[in-house]
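We will go from stop to stop, with a note on what to pick and what to look for.

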Amino acid sequence: MAVDRLSYLLLSVIVSMSAVCRGTQGKTIQEIAVSPENLQTGLDFLKKYKYVGDQMDETVVNNLIDPSEFEAIIRNMQLYMPDVDPTGILDDKTIAAMAMPRCGVPDPSGEGDETIGGRLRRFSHSGGRWEERKITYRVLNAPPELNYDAVREAIRRAFNVWQTFIPRDFVEVASGQADIMMKFGEYHHGDPYPFDGPSGTLAHAFGPAGYGDPIEGDVHFDDSETFSVRTFDDINLFLVAAHEIGHSLGLGHSQDSTALMAPFYSGYQPNFELPYDDILGIQTLYGSRPDTPREKPVTVKPVTQAMQTTELPLVCQMSFDCVAYIRGEIFAFKEDRFWRVREPGKSLTPAEGYKTNEFFKGLPSGIQAAYERYYDQRILFFKGREYWVYDGIEPLPGYPKLIANLSSDLPGNLQAAATWGEYNKVYFFKRGRVYRYDEFEKKVDEGYPYPIDSVFPGVPKGLDGAFRYNDKMAYFVKGKYYYRYNDITRKVDDGYPRPFVADFFGCNPNLYIFNGVNNTDYDYFGMG
Ligand SMILES: [Ca+2]
Ligand SMILES: [Ca+2]
Ligand SMILES: [Zn+2]
Ligand SMILES: [Zn+2]
């Protein structure tokens, strides 16, 4: 159902976009398709893996008003293919890649243009996750080429790949209904997605969509394939199972061709280790497993000596260098790391954070301010006298530039930046002052800087972060606290400031206050 809706949406986008893009210069369908044979093969593949709806045939394609939309779909598909450049052309190399054995789950995740356009990340989520700590699985049968216990052993190892990194325990059951039912079948095998015979699709799986359908989580292997264990021959069952279990847990396909969740089969690896992209993907969904070391152990300096002995997650004790609202998530930066929160109280970032420059290549430590520019969704980062611009995680060339290039009236060492989203003004904060910058005029507005309190009554000086959230309220972060400011009443709401990490990262506020905050801190913020 969801997949059909996705296909429909994709087709609608093609049709409606083409109407407004009339007359743009670009390649013709003939140039994109290279040959009628390539177009036929390409369309079959695009339909099979749900890049386009089933209605999309040669006639529809040949009548597209703007062929560049078709080109964009091909380019997106090529991003999932190993060693294929995203040319947007159905060249022979792309056609050859389509014949590689792969997973049957469609590639576009439906997560929105966050993954399809300016890729913020390469892993993706299909929606939903398992809430219970214990997740059961059952292996219903074995293919003729392997004995049942060899299959069970390979599948156990495949579950362990994920169990190492997340706070979930996978338990095999021998009878009855399990959360994850696993079976081998060929062609029509009891669901609406028949397998395709030898080669092509190797397996598929159903994500934890949360509708209570028993098929959720289930894994099916194409019995037309020849599976193997611990050998380079045939199709390695362990690797295919580990990939499919990723889907069972809620991961979609990754555009990182080295990831386990890349859609194409990559061959037997004797000493398999879960790649970093997959670790990020699964821990974003489930958090990390506290009792097991991570593959890449990381250490963060404690914020103060006094807090070193507490047992609170480090993130619960932190203040940040910069807090910003980017692509629908709150990003909090501290030294060389950052944490993400999509929904207050539900941080999906591991306690130790992500390394900033592993996501945003080339970005230095100690970012002081950041915001998402409303008209092109580019992300601007500020530090010292310089700023950097990113399209998703991709740095734009030519940066850093001097902040003075934006306007000679803007100072360096900015403390916070925020944009009010619907129009072209950015507020920059430094100590007791606020500068309002006009993105179109490229200058600081007349009369600015003003004292913060005259523009945002009740908001303190010396901010660390500022952002406008999706509730249309402005949030100002200072040290361990934040202030919620109401644009309409023009005042800080009653009950603020509140502890930022406790509210946004879901740490227990009682523990937090007991361990981290004393009356002196409150005095400092004027709370008496
Ligand atoms: Ca097959
Ligand atoms: Ca199930
Ligand atoms: Zn897959
Ligand atoms: Zn199936």
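**First stop: two crossing helices**

Select α3 and α5, which cross in a left-handed way (left-handed if the near helix is turned anticlockwise from the far one by less than a right angle, right-handed if clockwise). Helices here (H or I, at least four residues) and strands (E, at least two) are DSSP runs, numbered from the N terminus.

Before going on, note that this is a predicted model in which local features need pLDDT of at least 70 and side-chain atom pairs count only at pLDDT 80 or more, while totals for chains, interfaces and linings use all residues. Residues are numbered from 1 along each chain as its sequence is written, chains are lettered from A and ligands numbered from 1 in the order in which they are written, and side-chain values use heavy atoms, with hydrogens and water left out.

Helix α3 covers residues 36–48 and helix α5 residues 68–78; their axes come within 12 Å and cross at roughly 65 degrees. Axes are lines fitted to C-alpha atoms, for helices over the stretch in contact, and angles run from 0 to 180 degrees between N-to-C directions. The two helices are therefore roughly perpendicular (under 35 degrees counts as roughly parallel, over 145 as roughly antiparallel, 65 to 115 as roughly perpendicular and the rest as oblique).

Now show the side chains: L39, L43, F45 and L46 of α3 touch F70, I73 and M77 of α5, where contact means heavy atoms within 4.5 Å. That contact has 7 nonpolar residues, no polar and no charged. In this sorting, Ala, Val, Leu, Ile, Met, Phe, Trp, Tyr, Cys and Pro count as nonpolar, Asp, Glu, Lys and Arg as charged, and the others, Gly among them, as polar.

While you are here, click on V34 in the loop between α2 (29–33) and α3. V34 is not a glycine, yet its phi is positive, about 70 degrees.

**Second stop: another helix pair**

Move to α8 (residues 148–163) and α9 (residues 237–248), whose axes come within 8 Å and cross at roughly 45 degrees. This crossing is right-handed. Among the residues that meet are A154, A158 and W162 in α8 and F238, A242 and I245 in α9. The contact divides into 12 nonpolar, 1 polar and 1 charged.

Which residues hold the zinc ion (ligand 4)? Select H189 (NE2), D191 (OD), H204 (NE2) and H220 (ND1), the protein donors, 1.9 to 2.0 Å from the zinc ion. Donors are N, O and S atoms within 2.8 Å of the metal (3.2 Å for Na, K and Ca); water is not among the atoms, so sites may look incomplete. The 4 donor atoms subtend angles of 93 to 119 degrees, so the arrangement is tetrahedral (four donors with all angles between 85 and 135 degrees).

Next, center on the calcium ion (ligand 1), with D196 (OD), G197 (O), S199 (O), T201 (O), D222 (OD) and E225 (OE) as protein donors at 2.3 to 2.4 Å. Its 6 donor atoms subtend angles of 85 to 177 degrees, which makes the arrangement octahedral (six donors, opposite ones over 155 degrees apart and all others between 65 and 115).

**Last stop: two cis peptide bonds**

Finish at Y448 and P449, joined by a cis peptide bond with omega about 5 degrees; P449 sits in the loop between β22 (443–444) and β23 (450–451). Then pick Y496 and P497, also joined by a cis peptide bond, with omega about 5 degrees.
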